[in-house]
Amino acid sequence: MTGPAALAASAAGSHGFLSPTGVEIAFLLVGLVTFGAAVVTVTTKQLVHAALWLVVALGGLAVEYLLLTAEFIAWVQVLIYVGSVVVLLLFGLMLTRAPIGRSPDADSPNRWAALAVAVASAAALVWVVVDAFRTTWIDLDHGAAQGNTAVTGSVLFRHWVLPFEALSVLLLAALVGAIVLSRKKNAGAANTGATEGNR
């Protein structure tokens, strides 16, 4: 038995869940930090703090990809999500003149429904991953790079072109919506000032 199957089998036989390697411990610790940042992102009432904690959560995911030897995906995560999406979010906050401090109306009465949906989604994702991989074990210390550009580019542009294009259209719609909202607020303020001036 040679190749990836033999490497996975030897890795599975050498250690298990009760004897983790340093990479696996780092993966777990970074995962906990990322999870905590994600929780703070959706629970804080300061919009700017939520955006900054989102940077931490997305950066943590990039570190997880690096630990999984998927360097290309990690740098795509940094360039697109940490770089572009968060900048777009902050740009939208500035355009709409969102409050800098605590925002009492940044909460929703549907918190428990959102929590139920999040737990159900997480359970479904864990079930799908466990069902897909089961006893497959990847040696993170000595395994070959899994995120090389050739394989990732082939899968990305063959099977995932439409979701990426839909995401770009969604981000463009969010930016246009932020501009429209800021223009409406500016027009309303100008009309109010003109009315008070006429008095």
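## Helix α4

In this predicted model, helix α4 covers residues 71-95, and its end C-alpha atoms lie 34 Å apart.

The buried residues of α4 are Ala 74, Gln 77, Val 85, Val 86, Leu 88, Gly 92 and Leu 93.

## Nonpolar surface patch

Leu 79 and Ile 80 belong to a nonpolar patch on the surface, together with Val 151, Val 155, Trp 160 and Phe 164. The accessible area of these residues together is about 560 Å². Two or more residues of the patch come from each of α4 and α6, the latter being residues 149-159. Trp 160 sits in the loop that joins α6 to α7, where α7 is residues 161-198.

## Helix α2

Helix α2 consists of 22 residues, 22-43. The distance from its first C-alpha to its last is 32 Å, close to the 32 Å expected at 1.5 Å a residue.

Which residues of α2 are buried? They are Val 23, Glu 24, Thr 34, Ala 37 and Thr 41. These residues lie on the same side of α2, because the arc they cover around the axis is only 145 degrees. Helix α3 is among the elements that cover the buried residues of α2. On the face turned away from the buried side, α2 carries the exposed residues Leu 28, Leu 29, Leu 32, Val 33 and Phe 35.

## Glu 64 in helix α3

Glu 64 is part of helix α3, which runs over residues 47-67. Is Glu 64 buried or exposed? Its relative accessibility is 9%, and a residue is called buried under 20%, so Glu 64 counts as buried. Leaving aside residues up to four places away in sequence, Glu 64 touches Phe 27, Val 30 and Gly 31.

## Overall fold

The protein has 7 helices and 0 strands, and along the sequence the pattern reads α-α-α-α-α-α-α. Of the contacts with a separation of 6 or more, 76% are between residues 24 or more positions apart.

The protein has 199 residues, and 19% of them are buried. Its accessible surface is about 14,000 Å², with 73% of that area belonging to carbon and sulfur atoms.

Definitions and conventions:
Residues numbered from 1 in each chain as written. Predicted model: local features only at pLDDT ≥ 70, side-chain atom pairs only at ≥ 80, totals over all residues. Heavy atoms only, no water. Helix = DSSP H or I, 4+ residues; strand = E, 2+ residues; numbered from the N terminus. Expected span 1.5 Å × (residues − 1). Buried < 20%, exposed > 50% of the residue type's maximum accessible area, 1.4 Å probe, protein only. Patch = residues over 30% accessible without salt bridge, like charges linked within 9 Å, V, L, I, M, F, W, Y side chains within 5 Å. Areas by Shrake-Rupley, 256 points an atom, 1.4 Å probe, with all protein chains shown as cover. Salt bridge = Lys/Arg side-chain N within 4 Å of Asp/Glu carboxyl O. Contact = heavy atoms within 4.5 Å. Arc of directions from axis to C-beta.
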